Each structure stands twice: as C-alpha cells, then as structure tokens.
Amino acid sequence: MAWCRIPGITPPSLRHSIDGMNPHESAPGRASPSWLFRFLGRLVEPWLAIRREPAGSDAELVQPDLPVCYAIERYGLSNVLILEQICRQAGLPSPLVAMPGDITGQGRAVLALSRRQAFWFGRPRSRTHSEGLANLVAALEANPELDVQIVPVSIFVGRAPDRQSGWFRVLFAENWAMVGRFRRFLAVLLNGRNTIVRFSPPVSLRSVLQEGISTETTVRKTSRVLRAHFRRIRTAVIGPDLSHRRTLVDGVLAAEPVRQAIADQARRDNISHAASWRRAHAYAREIAADYSHTVIRSLSFVLTPFWNKIYRGVSMHHFDSLKQAAPGHEVVYVPCHRSHIDYLLLSYLLYTHGTVPPHIFAGVNLNLPVVGTVLRKGGAFFARRSFRGNALYSAVFSEYMAKLVSGGYSIEYFIEGGRSRTGRLLQPKSGALVMTLRAYLRQPRKPVLFQPVYIGYEKLMEGKSYLDELSGRPKQKETVWALLRAATGILGRNYGRVAVNFAEPLMLDDLLAEFAPNWRDERAAGVKPDWINATVDTLAERIQININRAADVSPINLLAVALLSTPKYAMSEGDLLAQLDTFKTLLSAAPYSDRITVTALSPAEIVAYGEGVGVLARTRHPLGDVLSFEGEQAVLQSYFRNNVLHLFVCAAWVAGCFQNSRRMSRASVVRLGGLVYPFLRRELFLPWDVEGFAAQLEVTIDALVGLGLLSFDADSGALQRGPGQTDEVFRLRVIANSMRQAFERYYIGVAVLVKNGSGTVSSAELENLCHLTAQRLSLLYAPSAPEFFDRSLFRSFIATLRELGLVRVDEAGKLVFGEDLATWANDSRLILSRELRHSILKITPEMAREATLPATDG
C-alpha cells in the first residue's frame with residue numbers, strides 16, 4: 001500500500017529483551033524529552049491553558065501495567081507540545097520519550113494518523129499513513145508476549161471561549177480543515193488558553209491483532225477504526241463538517257419526494273414547473289439554517305456577560321453521561337419549553353462545555369429582521385405554525401429534516417409546541433417526532449439518541465405576559481421593537497439561578513425493537529408501517545416522563561409549594577421553616593429518581609434567599625414574623641410550584657386521605673390511590689405503573705411515619721394522624737393542599753357527568769361544563785391557580801375516563817356510563833370535605849341550562 005510502509009525486518013532495537021523493564025520507563029538515554037522539545041515546551045507554555053477531559057482521576061486514563069502509546073488525529077508540533085504539557089501535569093508517561101525498546105521506531109511514544117508535508121514556501125500535501133503504527137504492529141507480531149495500550153487523544157485549540165477572548169480570535173477557532181503551520185501558530189497564539197484535550201479509554205493493541213490477517217491489513221483496519229473514533233469526537237465537540245447552505249437546499253430540492261410535490265403543485269395550481277420549483281426553492285430558503293461557527297463563537301462573547309448580568313448562576317447536572325453517549329449518535333435534544341431564553345441558554349451551555357450546539361427547530365414568528373438572520377446563523381431553522389393545506393411546504397420541510405438527521409446534525413426541538421404558561425409540562429405534539437422517525441427509517445445511518453432536558457428558572461422574563469394571557473388577553477405578537485423593549489427591561493433586573501438537568505436519554509432503536517422488531521425487514525420490503533403513531537406517542541410520553549425525572553428543586557420551588565398550600569399564602573416563620581424541612585426530608589426519604597437535584601440550602605437559608613430575590617415578603621409582628629407572597633406574586637409563584645408538583649404527588653395523596661378522617665387502613669390508602677393514579681399519571685407525566693405507584697406510596701407512608709406526621713399500628717394495619725390542631729396536623733394539611741385543586745377538578749368532572757346523566761352530553765359539552773363550574777367555584781370561594789379551570793386539563797381527564805372504560809361514546813356522540821363511574825366517584829370522594837363536595841354539586845350546571853350560556857375561555 002502506498003500510504004503505509006511495512007518494514008521488511010524487525011528493527012534491531014525490537015530484538016532486545018524488555019524483561020524487567022517498567023512499562024512506563026523510558027529507553028536508556030531518553031529519560032526526558034530532548035533539550036529542543038523542553039525548550040519549545042517552555043516557550044509555548046505561557047500561551048496555553050489546557051482543560052483535560054475527562055477530569056477524573058489520573059489513574060483512570062491509562063493502565064499502569066502496559067507500555068503507553070498516544071494516538072492523535074493530526075501531527076503538528078503544537079499538538080505534540082500540548083500533549084506533552086498535559087501528560088506532565090497529569091503525571092502520565094511523556095509522549096516525547098521513546099517506549100521501551102523504541103518499538104515505534106520514531107524515538108517517541110506518540111503516533112499521528114495524518115500530517116501535512118511541505119517546505120516553508122511549497123504547496124502542502126496531506127500524508128495519511130502512520131509509520132509508527134506499522135512498526136508497533138510489526139513488533140507485536142514478532143513478540144507474542146508484548147502488548148501496548150493505544151490511548152486516543154483529541155486536541156482542540158480555541159474551542160471554549162472566555163470573557164477576555166477577542167473578536168479576532170473567532171477566525172482561528174478549531175474546525176475541520178487541516179490548516180497550515182502559520183495558521184496553527186496564530187491559533188495557538190490567540191486561542192491557546194482555550195484548549196481542550198480529551199483522553200479516550202485506552203485500547204490494547206494486542207486485542208486488535210487477529211490470526212490469519214496480514215500486518216498490512218491490521219494496520220489499515222486499526223487506522224480506519226481510529227479515524228472513525230476521532231471523527232465522532234470532533235463531530236461531538238465542534239459539529240459536523242457543514243456543507244454550504246446552498247448545497248443543502250439543492251439537495252432538498254433534488255430529493256424525489258420534493259420533486260414529486262413540485263410536479264403535483266404545478267398541476268394543481270395550473271402553473272409552470274419552473275414557477276412551482278421557484279416556490280419550493282423559496283420555501284427551502286425560508287426554512288434552512290445558515291450555520292456559522294464564527295457567529296456561534298461570537299454570540300458566546302455577547303451572552304457570557306449577559307448571563308452574568310441577569311442570573312446569579314447557571315448550574316448544569318448529568319451532562320457527562322451525555323458526552324459519553326453522544327459520539328456516534330444523531331443527538332436530538334428535547335427540552336421542556338418555559339421561556340424564549342431556552343433556545344439561547346442550552347446552545348450556549350453546550351458550546352462552552354465542549355459540545356456542538358444543535359440546529360434548533362424554531363417558530364417562524366422568531367424570523368424577525370436582523371434577529372432572524374442571527375438566529376439562522378446560530379443554527380435555527382424556521383417552521384410555520386401549521387403545514388395544513390400546503391403539501392409542497394410540508395414536503396420541503398420534511399425533506400430538510402431528513403437531511404439533518406441523515407447528515408448527523410444534532411437537532412433541538414420542543415415537543416410541547418409552545419411555551420408552558422402554567423409551569424406544567426404540556427401534552428406533547430408529535431409532528432417533529434414523526435418527521436425524525438420517518439427520516440431515520442429512510443436512511444438509518446446513525447442511531448438516534450433523544451436527550452430530554454429539564455430547564456428550571458427562579459424568575460421568568462415572560463411572567464407578566466403569561467399572567468395576561470391566562471387572564472384572557474391575546475398573546476402579543478413578536479416584533480423587533482417589542483424585543484428591544486423587553487431587553488431594556490431585562491438588563492435592569494436579576495432573575496435568580498437557572499438549573500439545566502440532562503435526563504436519562506432514550507434510544508430510538510430500543511423503542512423500535514419494542515414496537516417493530518422487524519422494521520429493517522419491512523423497510524427492505526417496502527412495507528408501509530402501521531405502528532408509527534403508537535411508537536411516536538410512547539416516545540413523546542417517555543420524553544416528558546424523563547424530563548420530570550430530572551427536575552431541579554430550587555429554594556423558590558419549595559417556598560411556592562409550601563406557601564401556596566395555605567389560605568392566605570402566608571405562614572409564621574417557624575411554621576415555614578418546619579414545612580421546608582419536611583419537604584426536603586420527603587424528597588430524600590422517598591426519592592422520585594436518581595436525577596432529581598435538590599437545593600443544598602437549609603430552611604433558614606431558603607427563607608433568606610427568597611427575601612433576597614424579592615419573592616418573599618416579611619411582615620414584622622410582636623408574636624413572630626409572618627412570611628408571605630403578596631399581590632400578583634402568589635399567582636406568579638404557582639408557575640414554580642407546578643414545576644415540581646409531580647414530586648409530591650404521593651405525599652399529597654397520603655396526606656389528603658387524613659384531612660377528613662383521622663384513621664384509615666394502610667391498604668385502603670394504597671388501593672384508593674390506585675383509582676386516582678391514571679388521571680394523575682396522564683396529567684403530570686408520572687413514571688410508575690399502578691404497581692409501581694403502590695410501591696412508592698408505601699415508601700412515602702414510611703417517610704411520613706418517620707416524620708411523626710402519621711402513626712402506624714402494625715397489628716391492625718391502620719394509619720392515624722394526630723388529634724386537633726397540632727403542628728404535625730398543620731404540616732400534613734399543607735402537604736395535602738398542594739394537590740387539592742387537582743382532586744377537585746376530578747370530582748367536578750364526575751359530578752357534572754353524573755348530574756346530567758348518561759347519554760346526555762358529548763365530550764366537548766362536558767369539557768365546557770367543567771370549565772364553567774371550575775371557573776365559578778374559583779370566583780365564589782377561594783381564588784385558584786390559573787390552570788384550575790384550564791380546558792386542556794379537563795380534556796385530558798375525559799380522555800382518561802374513556803381509556804379506563806368508565807365512559808364510552810354512543811352513536812349520537814354522547815358519553816354513556818354505568819354504575820362503575822358512580823362506584824369510582826364514591827370511593828375517591830373521601831379526599832374532599834363534605835362542604836366542598838356540596839358546593840361543587842350546588843353550582844354544577846345541567847346541559848339544558850348550559851345551552852343558554854356562552855362558551856368562555858376565562
């Protein structure tokens with residue numbers, strides 16, 4: 001092979017015995033790098049600040065009992081000096097000292113897969129062979145007792161920007177091009193203090209050798225595996241080797257589905273094929289991102305001081321697991337959607353932590369003058385709110401998504417479809433997931449990894465506008481001027497801390513194996529799959545469940561859960577401290593998942609923090625200070641309570657069982673919880689099946705008993721709360737009230753249905769009646785959270801009733817039910833007081849009267 005010189009004989013040095021030599025000792029006379037390399041190392045050291053990955057123990061990087069040879073992707077003096085410095089800092093063998101016996105034949109323990117060769121003024125050319133690797137393979141074949149560990153090392157200069165970085169340095173950031181000596185010199189000079197060196201797990205070269213395979217074939221195979229490995233790492237760190245936007249658009253228009261859609265559009269609208277093609281071309285340009293590493297890096301300079309100005313800090317958890325899993329996968333980020341800041345924040349954090357920012361599926365409403373251009377160059381591609389009635393646009397967009405998936409570009413989209421106005425996860429919309437799945441089925445080049453992400457804020461920039469929208473005002477249209485006004489207001493405020501938690505990823509291949517084990521055979525046979533909808537629905541639900549399983553519990557979340565569970569959103573300081581401690585204990589004693597993160601602040605520190613960020617108001621009083629939410633702050637805080645409400649479902653159910661009864665059997669608490677659980681699971685995306693929920697209830701009961709809020713008589717199997725108005729009874733009531741409005745909604749739904757009778761109302765009519773009842777209940781009695789009369793929650797409740805078989809739809813489209821529904825309502829009503837049940841029944845409208853009332857959205 002022209003690219004690989006295989007020695008005809010083993011070098012004399014390899015015939016010397018290496019018995020008795022330490023694998024990490026240098027050959028005689030080579031105890032340290034030569035004076036030239038030492039001099040050059042000292043010369044370049046002031047220009048380098050290296051971040052090593054992984055940042056764990058040095059002993060984990062290499063095996064102590066085998067000789068070490070480092071493998072780098074591209075040879076260059078700067079790369080070798082960077083590797084030498086980080087190895088010296090980590091206490092690892094020097095790459096510039098020959099291995100025992102100098103078995104690479106090059107006087108050093110590092111090999112490169114490719115290098116540029118040229119005189120100073122000649123035309124450089126790339127050389128892709130590694131003589132050192134060929135020598136190593138030959139040495140191992142000559143000595144069966146010899147083994148060497150290959151440690152792949154990836155080096156990126158100018159990857160992680162800091163606040164002191166200059167704009168000129170952007171031009172010399174790490175990319176896919178094999179640059180010349182002068183450009184590399186400038187890159188080190190300008191960006192050397194932002195260098196990442198990533199060590200991969202060592203590989204035994206002996207394990208690669210196979211009997212019956214020639215030395216040349218082994219070298220070629222090893223080189224190919226190493227190149228693929230380095231490509232995966234480089235793709236994960238700086239992104240795919242991006243084609244020009246025009247090339248990608250041309251590829252979309254040349255695809256067969258788009259060509260067919262162009263022809264259909266021309267025929268349908270009676271226009272020329274050229275006119276139809278121009279329309280498709282305009283759609284493609286309207287959609288496509290114009291990804292620019294230079295703009296991404298430039299944005300990082302702008303955003304760093306911006307985050308520092310408006311936030312007290314941004315924390316990120318469980319990211320290392322993604323970095324280990326991402327290489328070799330098509331990564332699709334699916335975060336929850338709380339704010340417009342989500343787009344910028346996630347991309348910024350990925351970039352500054354050494355991972356390429358994704359292409360972002362954004363609404364066309366953000367394609368504003370100037371702003372849209374910047375977002376497009378930052379990786380955003382734009383979609384219209386609806387594709388309905390425009391087959392050509394749908395075909396172009398679907399094909400563009402397919403190109404991104406097959407090309408290995410990481411993608412980000414929000415399956416909720418829009419920002420949550422209540423703090424709860426919204427019911428997912430499946431459009432983007434369907435396009436991703438179909439694209440993968442067409443060209444399954446890389447396995448697809450879905451990465452759910454939880455984003456938690458302590459204050460929302462859009463909080464006031466969310467309140468306006470929930471009160472019935474129309475959503476304000478995004479404009480450049482509105483954006484400038486918002487930015488001006490934002491810079492003068494502080495929005496607390498932000499938490500970004502990476503949930504457990506989901507592998508698309510695992511889901512396909514579950515729903516369609518023979519999908520590859522079906523694809524080859526051209527069979528149209530009928531399992532896509534079921535697969536996508538399950539995938540969407542699991543994404544939401546995993547997001548909830550990675551929630552962050554901040555001081556603001558805990559304050560919101562505690563104070564909003566009281567009638568006047570206020571507590572004495574002593575009661576609040578005790579309640580906060582109770583919630584923190586429950587989270588640790590009955591853990592929801594191993595990815596939940598909880599503030600480390602003590603209850604007193606949480607209170608001080610709430611006052612410091614202006615959320616908590618203190619009223620001085622001789623008998624003890626009172627802490628509360630004042631004015632519209634209470635409604636705003638319902639958002640942050642809803643972020644973590646799912647974590648307290650089990651405790652709230654158990655505590656609720658003892659608000660109207662002092663004593664109940666443990667088995668009854670668990671059994672009745674199973675009746676309500678399907679509705680809670682659908683509304684809050686809970687992770688357990690019915691048996692798992694029962695087990696979690698048991699753990700929660702033990703935790704409540706341990707806290708002294710309940711007592712358990714093992715002989716009778718009964719649970720009991722304390723008498724009267726003790727502190728323990730008060731804390732138990734606060735826990736129960738956190739979920740009380742959800743249980744009220746369920747009772748409203750059943751009460752309206754039973755009062756009107758079987759076969760009387762349709763699903764839409766029942767939804768409207770429930771909405772009006774909840775709205776009136778909120779007006780007449782205690783004020784409720786904005787989502788209390790949310791139509792979508794009643795719609796979800798009705799859908800669950802149908803899934804459980806408690807109601808069905810007759811031929812006339814009306815809901816029909818039997819005794820099962822009345823039995824269910826009778827069993828589950830104990831969690832509400834008699835007075836509250838009477839109030840609900842009193843104001844529940846009947847269909848004949850409702851016919852005269854206009855539908856309202858509140």
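This is a predicted model: local features need pLDDT of at least 70, side-chain atom pairs count only at pLDDT 80 or more; totals for chains, interfaces and linings use all residues.
Residues are numbered from 1 along each chain as its sequence is written.

Consider Ser 406, which belongs to helix H13 (residues 391-406). Helices (H or I, at least four residues) and strands (E, at least two) are DSSP runs, numbered from the N terminus. Ser 406 counts as buried because its relative accessibility is 9%; buried means under 20% relative accessible area, with a 1.4 Å probe and protein chains only. The side chains of Ser 406 and Gln 443 are joined by a polar contact of 3.2 Å. Such a contact is a pair of N or O atoms within 3.5 Å; within protein, one must be able to donate a hydrogen and the other to accept it, and residues adjacent in sequence count only if both atoms are side-chain atoms. The side chain of Ser 406 also reaches the backbone oxygen of Lys 403, at 3.3 Å. Leaving aside residues up to four places away in sequence, Ser 406 touches Gln 443 and Arg 445, where contact means heavy atoms within 4.5 Å.

Thr 566 lies in the loop between helix H20 (555-563) and strand S17 (570-572). Thr 566 has 7% relative accessibility and therefore counts as buried. A polar atom of its side chain lies 2.7 Å from the backbone oxygen of Leu 563. With residues up to four places away in sequence not counted, Thr 566 touches Met 571 and Val 734.

A cavity is a set of points, on a 1 Å grid over the protein atoms alone, where a 1.4 Å probe fits but cannot get out; lining residues have an atom within 4 Å of a point. Grid points are joined across faces, edges and corners, and a volume is the space filled by probe spheres set on the points. There are 8 cavities of 30 Å³ or more. Of its 16 lining residues, the closest to the centre are Thr 235, Ala 236, Ala 326, His 329 and Val 331. Helix H5 gives the most to this lining, with 3 residues.

The second largest cavity holds about 110 Å³ of space. Its lining includes Leu 586, Tyr 592, Trp 688 and Gln 696. Helices H21 (573-589), H24 (649-656) and H26 (690-706) each supply at least two residues of that lining.

Definitions and conventions
Side-chain values use heavy atoms; hydrogens and water are left out. Buried means under 20% relative accessible area, exposed over 50%, partly exposed in between (1.4 Å probe, protein chains only). On a 1 Å grid over the protein atoms alone, a cavity is a set of points where a 1.4 Å probe fits but cannot get out, and a pocket is an open set with protein on both sides within 12 Å along at least five of seven lines; lining residues have an atom within 4 Å of a point.
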